[in-house]
There are 2 protein chains.
Amino acid sequence: MADVKRSRIQTENRAAILAAALEVFSADGYRGATVDRIADAAGMSKPNLLYYYKSKEEIYREVLESTLEGWLEPLAAMDPAGDPFVELDTYIRAKVAMALARPAESRMFANEVQRGAPLMRDFLEGRLKTLVDEKAAVIGGWMDRGLMARTDPHHLIFMIWATTQHYADFDTQVQAILGARAGGPGFEDEVVTAVSGMVLSGLRVGP
Amino acid sequence: MADVKRSRIQTENRAAILAAALEVFSADGYRGATVDRIADAAGMSKPNLLYYYKSKEEIYREVLESTLEGWLEPLAAMDPAGDPFVELDTYIRAKVAMALARPAESRMFANEVQRGAPLMRDFLEGRLKTLVDEKAAVIGGWMDRGLMARTDPHHLIFMIWATTQHYADFDTQVQAILGARAGGPGFEDEVVTAVSGMVLSGLRVGP
DNA sequence: GTCTATATCCGGATAGAC
DNA sequence: GTCTATCCGGATATAGAC
């Protein structure tokens, strides 16, 4: 896929399709999305779109796979040798930034998982589980060394995922409740401060 | 709606339709769901189903509205006169129990919000916002009185929502990572302990 | 490479027999 | 109240002209 030689127009059109598909899939899910709306959003006709990707599923797989890796990076970057609170704060900061910068990707994954992850099962049980188990062990190590309070590392990771992705997946709800406060220029800092503060303050070890 | 007289068979069929619809809508979203699959799951023919509900949208509205109120109750029950940690722990406990007992409802709401909440907008900006603002003020009052550490009350509520609903909406992912540990008999307690512990420990005021 | 036209199927909804 | 049959719009995908 990645090594095929393509003309400039091909590259551009494929990119336009993937960008359009991301928006449609994230809003309506795989079943609810239509090739028609993707083609519209990509500014081309439906047959033309199907010249680049043979089927709706092929587009979906491509969008999923091309964005998945990016969401693993911040967790993978967590350094066992670092200070737990610096590492966790950095992680939370990165996840909040991603949720606010690329909410459509977050919603697409949420959608896929909510329908039982038919296309992501292997990824969830394989690469993701391996990475999470590994990082849970890192966090457990910090606890063993008395650097942070004891809690279940897996649930701590779930908590960070849930709280950060909430601002992407439930953006509509957050905006309905916070009004103009949400989405403004200082909002990312506000969220990072609140989330990081609440998550980490409970993990500090008493002096 | 509620006052119309109905035969026993009508009552049963309508209930079967709503139960089936909940499953289908929660997995595939409004657009992705089909009347056919709902009818199948309800054990009746499509025309027969449409004898009870005139359209797919009517079914959807009914399922949404009939389940919405239940999810507000635990928050509404939070008592300003109570102890903050008892009240918040009770709230978290109730939300975890609901997420594990009725995950399909949680996923259906998540789906509706993720697609921009076309049918729940008024609810989000009205009843929900009012309730959240009111309870945020209650939490703010506890902070003013020095009963708990200071943090943004709205984000605290979001955090409780996100962490508890995570176990319903991302159930597939949680199971992929935790394996047999998830879903077992002691799992609800495990989740309550982890979530309540992490959320509340950071809010305790120093001795 | 991109279009028009179209084959084919599926989904929502209705008509009318029983 | 429940069924079979069916209409019709919309959806995926393809054929073939340009």
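How many nonpolar, polar and charged residues does the surface near DNA strand D have? By class, that surface has 8 nonpolar, 7 polar and 3 charged residues (Ala, Val, Leu, Ile, Met, Phe, Trp, Tyr, Cys and Pro count as nonpolar, Asp, Glu, Lys and Arg as charged, and the others, Gly among them, as polar; near means a heavy atom within 4 Å). This is a predicted model, where local features need pLDDT of at least 70, side-chain atom pairs count only at pLDDT 80 or more, and totals for chains, interfaces and linings use all residues. Residues are numbered from 1 along each chain, chains are lettered from A and ligands numbered from 1 in the order written, and side-chain values use heavy atoms, leaving out hydrogens and water.

**Around DNA strand D**
- For Ser45(B), a polar side-chain atom is 3.1 Å from a phosphate oxygen of DNA strand D.

**Where chains A and B meet**
- Each side puts residues into the contact: 51 from chain A and 51 from chain B (heavy atoms within 4.5 Å).
- The rule finds 4 salt bridges across this interface (a side-chain nitrogen of Lys or Arg within 4 Å of a carboxyl oxygen of Asp or Glu).
- Asp28(B) and Arg31(A) pair up in a salt bridge, at 3.9 Å from N to O.

Terms used. Polar contact = N/O pair within 3.5 Å; in protein donor to acceptor, adjacent residues only side chain to side chain.
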